[in-house]
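Here are some notes to read with the structure open beside you. Take the points in order and find each residue as you go.

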Amino acid sequence: MLYKRYIPVISLIGKEGEITPLFIIWADERGTRKYKVDRILHVRQASSQVGGCGMLYECMITGKVRKLFYERNRWFIESTKPY
């Protein structure tokens, strides 16, 4: 089962308003860690499996493809953990 998990994201906003995620901040029982977005594969408007929609950034993060959504001025990721 997947959950909608809002997360802090360090991003760059270009002079034309384009948003580029650079790092995600992940906090869990092991502490808080910062992960670099290695590469952005695709950017498009999409709906999430866990509800909600926005700009979908399919990214490579630590060698894995992750779906990062920008929805109404905040970021979320589809997570296997609810917290």
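1. **What kind of model.** This is a predicted model. Keep that in mind as you read.

2. **Strand β5.** Start with residues 53-61, which make up strand β5. Seven of its nine residues are buried, so the strand is largely enclosed by the rest of the structure. The cut-off matters here: buried means under 20% relative accessible area.

3. **β4 beside β5.** Strand β4 covers residues 31-47. It runs antiparallel to β5, and nine bridges join the two.

4. **The turn between β4 and β5.** These two strands form a hairpin, with five residues between them. Look for G51 in the turn. G51 has a positive phi of about 100°.

5. **β6 beside β5.** Strand β6 spans residues 64-71. β5 and β6 are also paired: seven bridges join them, and they run antiparallel. C59 stands opposite R66 in β6. This hairpin has two residues between its strands, and T62 takes a positive phi near 50°.

6. **A general point on strands.** In a regular strand the side chains alternate between the two faces of the sheet.

7. T20 sits in strand β3, residues 19-28. Exposed would need over 50%, and partly exposed lies between the two cut-offs. Leaving aside neighbours within four places in sequence, T20 is in contact with I10, S11, L12 and I40. G51 is 31 residues from T20 along the chain, and their C-alpha atoms are separated by 23 Å.

8. **A nonpolar patch.** Which residues form a nonpolar patch on the surface? They are I10, L12 and L22, with about 230 Å² of accessible area together. I10 belongs to strand β2, residues 9-13. With a relative accessible area of 37%, I10 is partly exposed.

9. **Salt bridges: how many?** A search of the whole structure finds two salt bridges. Side chains of opposite charge can pair when their charged atoms come close. The next two points take one pair each.

10. **K4 and E71.** K4 forms a salt bridge with E71, and the closest N and O atoms are 3.2 Å apart. K4 lies in strand β1 (residues 3-7) and E71 in strand β6, so the pair ties together parts that are 67 residues apart in sequence. K4 is partly exposed, at 27% relative accessible area. E71 is buried, at 6%.

11. **R33 and D28.** R33 forms a salt bridge with D28, and here the closest N and O atoms are 3.1 Å apart. R33 is partly exposed, with a relative accessible area of 21%. D28 has 17%, so D28 counts as buried.

12. **More on D28.** D28 lies in strand β3. Its side chain also makes a polar contact with the side chain of W26, at 3.3 Å. What does D28 touch when neighbours within four places in sequence are left aside? D28 is in contact with R5, R33 and Y83.

Definitions and conventions. Residues are numbered from 1 along each chain as its sequence is written. This is a predicted model: local features need pLDDT of at least 70, side-chain atom pairs count only at pLDDT 80 or more; totals for chains, interfaces and linings use all residues. Side-chain values use heavy atoms; hydrogens and water are left out. Buried means under 20% relative accessible area, exposed over 50%, partly exposed in between (1.4 Å probe, protein chains only). Helices (H or I, at least four residues) and strands (E, at least two) are DSSP runs, numbered from the N terminus. Two strands pair if DSSP finds at least two bridges between them. Contact means heavy atoms within 4.5 Å. Patches are made of residues with over 30% relative accessible area and no salt bridge: like charges are joined within 9 Å, nonpolar side chains (Val, Leu, Ile, Met, Phe, Trp, Tyr) within 5 Å. Accessible areas come from the Shrake-Rupley method with a 1.4 Å probe; for residues, only the protein chains shown count as cover. A salt bridge is a side-chain nitrogen of Lys or Arg within 4 Å of a carboxyl oxygen of Asp or Glu. A polar contact is a pair of N or O atoms within 3.5 Å; within protein, one must be able to donate a hydrogen and the other to accept it, and residues adjacent in sequence count only if both atoms are side-chain atoms.
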